[in-house]
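Here are my notes on this structure for a colleague who has not seen it before. Please read them with the model open.

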Amino acid sequence: MYSNILYSQLNYRTSNNAFATLLETAIAHYTNLEINDIRMLLNECINNKEKKAQIIDIVSNQKSQKHNNTLQAIIPQYHTSQCIDDCAYCGFRKSNPHVLRTELNDNDFEKELELILSWGYTNIEFVYSNDTNFPAKRIAERIVKAKRMGKSIGKELEIGINAPPLSLEDYRILNDAGIDFVLLWMETYSDSYSKWHPNNTPKSDFNYRIDIFDRSIQAGIKKYAFAVLFGLSDWVEDVLNLIAHGLYIRKTYGVEPYIIGNPRLKRAMGLNVENSRFIIDDENYIFINYLFKLIFPETKLFINTRETIDMNLELIKGGGDFFTIDCGTFPGAYLNSELVRDGQEQFHTSYYNREKTVALLQEKGYKVIF
Ligand code: SF4
């Protein structure tokens, strides 16, 4: 389990290897990289624009050769806004009396999914807050239903779930149902985790959270997606801890991350958190996304609508990533867009018009596959 080794990894040694040697290793033998090497690469780049640009160029070229500017569209579908957790940065936190509490009932689930399929999507992320009305069995039924609906129109759907961490047994149920990938944003690996997640809530169990992929992979689900939420704590340590977690999974299970997310803290109902002193600046944010792709070249970024389209264009050079265009962060948001317009959302997002966004991406040389 990852929680057994995380704490011993936090005292990084300084590596004496030169930047050029490390970069060469990263390009030719990325699986040989150790976390201390990556710490050194990061340290060398944080205040050095040229070195950052060098890495961005190398990775963009690699991506371009492999993916030829192709992106895959992905869409979240929210199934509930009811939550027994109380994360201080989230509009769905249980202590927020103003947000509408609702779940997507089975009827609306199918109706909304039909709509999503009619837009052409085949990659879908089911999103769950911590709602006891959605045990693994019910989620599994929705996965089976969605796959059938896809097949009935000749489409093979890829479905991931972004839900609170579940047990090994629950992941077996989801695996049997045909789930394709499991997403969990780790939020932060730092001590401040307990500050953001009150200790009388399920999410305060940090070890249970960080061992999620040990359980999901042992249950047979080989694709996993993770991220930190930039803005909760010191971003350098969070980035290194996220990468160390990925290296652990590589070494233990021979599995590469399927997706790395890159959310930055945004305002949520009743909260203004964007001025957190831990917010990562744009220049380093762009660089970190390419550092992820350098260390995990098989992995796709989860490009999200918390960012502006201009920022997202900076992150996708060469292609090979998942790109979010439609993003209603509320149950039923695609059936009734008013639900998100009046602020009933988990956190603030930008709104992209589908046709215009696809046209813009095409104009920039990208091909978007739905
Ligand atoms: S982040 Fe997730 S678990 Fe935390 S309050 Fe929001 S919906 Fe609930």
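1. A crossing of two helices is called left-handed if the near helix is turned anticlockwise from the far one by less than a right angle, and right-handed if it is turned clockwise. By this rule, α4 and α12 cross in a left-handed way. Note that the model is predicted.

2. On confidence, the average pLDDT of the chain is 91, and 92% of the residues reach at least 70. Residues 10-16 are a stretch with pLDDT below 50, and the model gives this stretch seven contacts beyond near neighbours in sequence. Where pLDDT is low, predicted coordinates should not be read in detail.

3. Two packed helices are described by the angle between their axes and the distance between the axes. For helix α4 (residues 49-67) and helix α12 (residues 282-295), the angle is about 50° and the axes are 9 Å apart. That makes α4 oblique to α12, since an angle under 35 degrees would be needed for roughly parallel and 65 to 115 for roughly perpendicular.

4. Which residues of α4 and α12 meet? On the α4 side they are Lys52, Ile55, Ile56, Val59 and Lys63, and on the α12 side Phe287, Tyr290, Leu291, Lys293 and Leu294. Sorted by class, this contact of α4 with α12 holds seven nonpolar and three charged residues, with no polar ones.

5. Helix α5 (residues 106-118) packs with helix α6 (residues 136-152) at about 40°, and their axes are 11 Å apart. The two helices, α5 and α6, are therefore oblique to each other. Their crossing is right-handed. From α5 the contact takes Phe109, Leu113 and Leu117, and from α6 it takes Arg142, Ala146, Met149 and Gly150. The classes in the contact of α5 with α6 are five nonpolar, one polar and one charged.

6. α6 also packs with helix α7 (residues 168-177), at an angle of about 15° and with the axes 9 Å apart. That makes α6 roughly parallel to α7, because angles under 35 degrees count as such. The crossing of α6 and α7 is right-handed.

7. In the contact of α6 with α7, Ala136, Lys137, Ile139, Ala140, Ile143 and Val144 of α6 meet Asp170, Ile173, Leu174 and Ala177 of α7. Eight of the residues in this contact are nonpolar, two are charged and none is polar.

Methods: Residues numbered from 1 in each chain as written. Predicted model: local features only at pLDDT ≥ 70, side-chain atom pairs only at ≥ 80, totals over all residues. Axes fitted to C-alpha atoms, helices over the stretch in contact; angles between N-to-C directions. Helix = DSSP H or I, 4+ residues; strand = E, 2+ residues; numbered from the N terminus. Parallel < 35°, antiparallel > 145°, perpendicular 65-115°, else oblique. Contact = placed C-beta atoms within 7 Å. Nonpolar A, V, L, I, M, F, W, Y, C, P; charged D, E, K, R; others polar. pLDDT = per-residue confidence, 0-100.
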